[in-house]
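Keep the viewer open as you read.

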Amino acid sequence: MESVNNFGQMSDFELCQALSSRKDIAELAFTEIYNRYSQMLFTFILRTIVNRADAKDIFQETFLKFYSCCVNGAKVANILPMLLKIARNLCLNRFRDKKAIVPFEDNRIMVFDEELERNETSKIVANALSLLEYPTREIFVLHHYQSLTFSEIAEITGESLATIKTRYYRAKEKLRNYLIPFLKNEK
């Protein structure tokens with residue numbers, strides 16, 4: 001049997017291939033994949049979707065779809081981009097299904113006033129992120145929080161590099177405009 005230490009030394013490709021092996025080897029490989037990528041994946045999903053319960057569901061479904069792809073013969077050389085792409089598609093589906101939009105002014109009154117009373121800056125930023133349109137928010141999260149390059153984001157989303165850069169800079173500007181009134185109140 002493979003040593004647990006050996007799994008930590010395996011490449012993404014080898015781990016993906018090991019998922020098709022005996023049950024004990026597949027479990028060790030899956031555990032290594034989970035340990036390597038779960039934190040980054042969940043952070044991306046949560047910051048993109050914002051709702052923790054939905055994020056947990058998408059997180060689990062992402063790993064199930066990934067496992068299924070590997071068991072069915074997918075040859076994956078780099079696991080994180082594949083996980084992010086699966087998660088992105090699931091987030092898009094969830095976002096389309098829930099398309100209940102509250103106008104910005106109403107959302108700002110309901111959410112931001114409550115958050116300011118508690119003085120929790122991170123929640124204010126999370127709420128500001130949730131006000132961005134999904135494609136813009138997704139690109140901002142991938143670049144700013146996941147530290148992916150614009151080229152990597154373009155590959156994951158299938159968008160052009162110019163579109164990715166434009167959306168990112170628009171997201172920064174919108175976030176700045178959303179947050180300026182609250183930052184002035186903090187001083």
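D12 sits in helix α2, which covers residues 12-18; helices here are DSSP runs of H or I with at least four residues, strands are E runs of at least two, and both are numbered from the N terminus. A quick word on provenance: this is a predicted model, where local features need pLDDT of at least 70, side-chain atom pairs count only at pLDDT 80 or more, and totals for chains, interfaces and linings use all residues. Residues are numbered from 1 along each chain as its sequence is written, and side-chain values use heavy atoms, with hydrogens and water left out.

Back to D12: is this residue buried or exposed? D12 is buried, at a relative accessible area of 8% (buried means under 20%, exposed over 50%, and partly exposed in between, with a 1.4 Å probe and protein chains only). Its side chain reaches the backbone nitrogen of I79 at 2.9 Å, where a polar contact is a pair of N or O atoms within 3.5 Å; within protein, one must be able to donate a hydrogen and the other to accept it, and residues adjacent in sequence count only if both atoms are side-chain atoms. Setting aside neighbours within four places in sequence, D12 is in contact with R36, Y37, V76, A77, N78, I79 and L80 (contact means heavy atoms within 4.5 Å).

Now zoom out. Of its 187 residues, 40% count as buried. Take the contacts between residues at least 6 apart in sequence, and 61% of them join residues at least 24 apart.

On to the packing. Two packed helices are described by the angle between their axes and the distance between the axes. The axes used here are lines fitted to C-alpha atoms, for helices over the stretch in contact, and angles run from 0 to 180 degrees between N-to-C directions.

Start with α3 (residues 23-49) and α4 (residues 52-71), whose axes come within 9 Å and cross at roughly 140°. That makes α3 oblique to α4: angles under 35 degrees count as roughly parallel, over 145 as roughly antiparallel, 65 to 115 as roughly perpendicular, and the rest as oblique. The α3 and α4 crossing is right-handed, a label for the near helix being turned clockwise from the far one by less than a right angle, with anticlockwise giving left-handed. On the α3 side the contact includes F30, I33, Y34 and L41, and on the α4 side F59, F63, F66 and Y67 are among the residues involved. By class, the residues of this contact divide into 14 nonpolar, 2 polar and 3 charged (Ala, Val, Leu, Ile, Met, Phe, Trp, Tyr, Cys and Pro count as nonpolar, Asp, Glu, Lys and Arg as charged, and the others, Gly among them, as polar).

In the loop between α3 and α4 you'll find V50. Most residues other than glycine have a negative phi. V50, though not a glycine, has a positive phi of about 80°, and at 32% relative accessibility it counts as partly exposed.

How does α3 sit against α5 (residues 79-97)? Their axes come within 10 Å and cross at roughly 30°, which makes α3 roughly parallel to α5. This crossing is right-handed. I33, Y37, L41 and I45 are among the α3 residues in the contact, with I79, L80, L83 and R88 among those from α5. The tally for α3 with α5 is 13 nonpolar, 1 polar and 2 charged.

The last pair is α8 (residues 134-145) and α9 (residues 150-157), with axes that come within 10 Å and cross at roughly 135°. That makes α8 oblique to α9, and their crossing is right-handed. E138, I139, L142 and H143 in α8 meet F150, I153 and T157 in α9; by class, that contact has 4 nonpolar, 2 polar and 1 charged residues.

S147 lies in the loop between α8 and α9. S147 has a positive phi, near 60°, in a residue other than glycine, and is exposed, with a relative accessible area of 60%.

Finish at T157, in helix α9. T157 is buried, at 11% relative accessible area. A polar atom of the T157 side chain lies 3.3 Å from the backbone nitrogen of E159. Beyond neighbours within four places in sequence, T157 is in contact with R88, E138 and I164.
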